[in-house]
Amino acid sequence: MNAEYQLPEDECFVLNLGPQHPSTHGVARIKLTLDGEYICKAEPVLGYIHRMHEKMAENRTWPQFFPNTGRLDYLHALAYNQNYACLVERALAIEVPERAEYIRVITTELNRIASHMVWYGAFVLDLGGFTPLLYTFDDREQILDLLESVTGSRLTFSYFRFGGVPNDIDDDFIAGTKTFISRMRERIKMYHALITKNVILINRLKDIGFIPAEMCRKYGASGPVARGAGIDYDVRRNEPYSIYDRFEFEIPVYHEADSMARYMVRMDEILQSLRIIEQAIATLPAGPIMADKVPKLIRPPKGDYYHAVETARGRLGMRAVSDGSAIPWRLKLRTPCFSNMLIFGEACRGMLLADAVALFGSLDLVIPDVDK
Amino acid sequence: MAAYIKSILVGTWSLIAGLAITLRFVFKPVVTCQYPHAVPKIPDRYRGHIDFVYDPATCSHKCIVCGMCQKTCPSGCISLEGEKLEGAKKKTLSVYQLNFTTCSLCGLCVEACPTGALTFSKEYNLAGFDEKEYHFDLIKRLQERP
Amino acid sequence: MLSYLNYLNDTMPCLMAILRLIVCIVCILAFVGLNAAYLVWLERKLAGRIQRRIGPKEVGPFGLLQPLADGIKLMTKQLFLPDGIDRILYLLAPMLVMTTAFMCFVTIPFGEGLVARELDLGLLAIFAFASINVLGLLLGAWASRNKYSMISSARVVSQNVAYEIPMLLVVASLLMVTGTLNLHDIVAEQAGGFWNWNVLRLNASPLMPVAFLIFFVCTLAETNRTPFDLAEAESELVAGSFTEYGSMGFGLFFMGEYANMVVGSTLISILFLGGWNCPFGIFPGPHWLFLKLYALISTVMWIRWTFPRTTFYGLLNLSWKVLIPIALVNLLITGALVKVF
């Protein structure tokens, strides 16, 4: 569409994409102003699944907020668990045992792959291909079975604790993870042959849905969205937390800034996560899984604390203000999907509806994470 | 012109390669579990709703009515009462209600219990018509258990 | 019995013609209905196998009664008319789609003499009816008073323009070779072995296999199947033209889609794959046509469960940059060769 030509507002028509729409993956609503099938204006409308997580944090004790963290971004729940655990550990100055750190890394990375698998299936479903969804869920099932055997839950794991992890991993888990790593590498090859190289998919993703680096900076986008635009930023490497500085892994960065770049970033990230898991399993130390000096009643000293991790969708920051009591005074969540979603309004201007759906899918949004 | 023909051939080949992959999957065994006919294996650590641990020493539960589970529950779905029986030093449990409708299956109560009286049940097939069906009376459940 | 029929035919030709008509209509109706029902079952089973699951299995043995259950469900649902629709067009559209699909079967021969009404311009009649199908979708979408349906209706029309041209160009070049529009004669010309089929008539045009592929792709587009299901596009337009339809209104659209698939596949088998001729020249008969027909339909389903959807500019690009140039080249080559030999 000619960028300068703009239909007057009253000649466009308004289409509500959502809150009940197959491709919004939940209850996102986007108010589209359309000229034919071209988008003149897009306005994400938030808040359909707002659950007041920040306010809930101010009404319960520090450990009681744990189950909530897994419900923000249910697809990568362990990263949220990890961030909250690390945040409070930083506040209490607890040293986490080595083994617990390794277990955290292994499970979080497994969860990251599971999260990318859901995105992958759902993304291709947005593009109209149904079958890959079932294949990716098959892979995800393997991960969930592994994680279920350790954490006891399949989605909202709520697994980490302040000072470590409650359950140790066993040999079955390690053997299962090793089998999964080799299986996953084969499957990634299969996915590339089945989907990435498919000419229909390439035509739908290549050079479509630009999110340049300036736009990412303007909206604070992070994760694969920023890395697909050439911003070489990953919290795991730029501000190493836990034990990520011990592992050798690359941060995939693509400079095309189109939907295909974001797609490829995630595909490469899966392989890098496999590498991290492999190294972590090879060097897994023995020892306790829980720190000794965890107080029974969690009362972080008065102060202001911040911790950030890299989730499957970008940078998650949690800032806690403690007044020294057993209840947080304030807990601010900086969720990656919130920033990533707001980009959509600007990025999809002038696009066709079908391409906008592809762009929306390539952002990999989890709506409860947007609305908190 | 050559690039044009090449792009057509590469595109067509990518489609054929995709078809070959899905065709191969047709002849591979199914991976699904035929749910109502075959039941998946529930791992030992599965976190269902809570239940009392059967204590063979007392032929009953181990609860000492300390109320830790009630205090630690983020959703406030546990309510328990104890009463002092005549001649006994400590309280005995008289009511232990779990309101499963608000439970988020986090397992904090099980970790908080000082005597290890609580455990996770392996029940996952929970469906009903009424909210009241999910107000579990754990004492009754323990007695009904074989 | 036969002599009695012959006797009737001689004495009352008018009555016999009517009787024949009724029998044909009943047969076509039954054939289309059964096909629509069991192709859905086949598609679900095939999709299941591709996706490494079983597919319907609970209702009856191998889920064979599933179409029946679906049919009962669709028929017993309320015929809901949304507020503000164009009632006449809304109700007319599904019937239009279904009727034109039926009409296509009238001139299709399934075997020697197995045809409801043999027309010299049979092929033309089929194309004429097939393009009314698009009108049905357009009317239904337009009458629904739904924004998603409206976008879908625009897509249906642009899609129609995109695939009809290469399709007819291919058919035109084929007709130069066959020299007739009568489907029965077209099949008769391909008798013998598979080397006589139009798809392998390389002496008529070396691009014949390519023409077959173009025709196949256009049939996919005509029947609104993935990768060209732009009008339905459930992840973009919810259900496109059918968004506001429920109960049997939707059921008719759905049956129409499968009936069109059967028509398209039959047409491909007749035009390119020798119709009811055996590949090796032995035992010709309708069974060969059905074999080819269902093999083609399975391929269409297989394609649906493998590929993502194109966009409509993707379809237009494909049509104008790939299909039409190749079809034109094919037309030129065929024309030249026909003139020379």
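**Domains, a sheet and an interface**

Tutor: Keep in mind that this is a predicted model. Chain C is split into domain 1 (1-76) and domain 2 (80-340).

Student: How far apart do the C-alpha centres of domain 1 of chain C and domain 2 of chain C lie?

Tutor: The two domains do touch, with 13 residues of domain 1 of chain C and 18 residues of domain 2 of chain C in the contact. Their C-alpha centres are separated by 21 Å.

Student: Which element gives the largest share of the side of domain 1 of chain C that touches domain 2 of chain C?

Tutor: Two helices of chain C each supply at least two residues there, α2 (13-50) and α3 (66-76). By class, that side has eleven nonpolar, one polar and one charged residues. The largest share, eleven residues, belongs to α2(C).

Student: Over to chain A: which helix packs on the sheet?

Tutor: The sheet is open, with three strands in the order β1-β2-β3 (chain A) and antiparallel pairing. Seven bridges tie β2 (residues 29-35) of chain A to β3(A). The helix touches both β2 and β3 of chain A, at about 155 degrees to the direction of β3(A). That's α12 (residues 336-347) of chain A.

Student: And how many nonpolar residues are on the side of chain A that touches chain C?

Tutor: Here 26 residues of chain A meet 20 residues of chain C. Elements giving two or more residues to chain A's side include β1 (13-17) and α4 (98-126) of chain A. Alongside seven polar and five charged residues, the nonpolar ones number 14.

Key: Residues are numbered from 1 along each chain as its sequence is written. Chains are lettered from A and ligands numbered from 1 in the order in which they are written. This is a predicted model: local features need pLDDT of at least 70, side-chain atom pairs count only at pLDDT 80 or more; totals for chains, interfaces and linings use all residues. Two residues are in contact if their C-beta atoms, placed from the backbone, lie within 7 Å. Helices (H or I, at least four residues) and strands (E, at least two) are DSSP runs, numbered from the N terminus. Ala, Val, Leu, Ile, Met, Phe, Trp, Tyr, Cys and Pro count as nonpolar, Asp, Glu, Lys and Arg as charged, and the others, Gly among them, as polar. Domain bounds come from an automatic or database domain assignment. Two strands pair if DSSP finds at least two bridges between them. Axes are lines fitted to C-alpha atoms, for helices over the stretch in contact, and angles run from 0 to 180 degrees between N-to-C directions.
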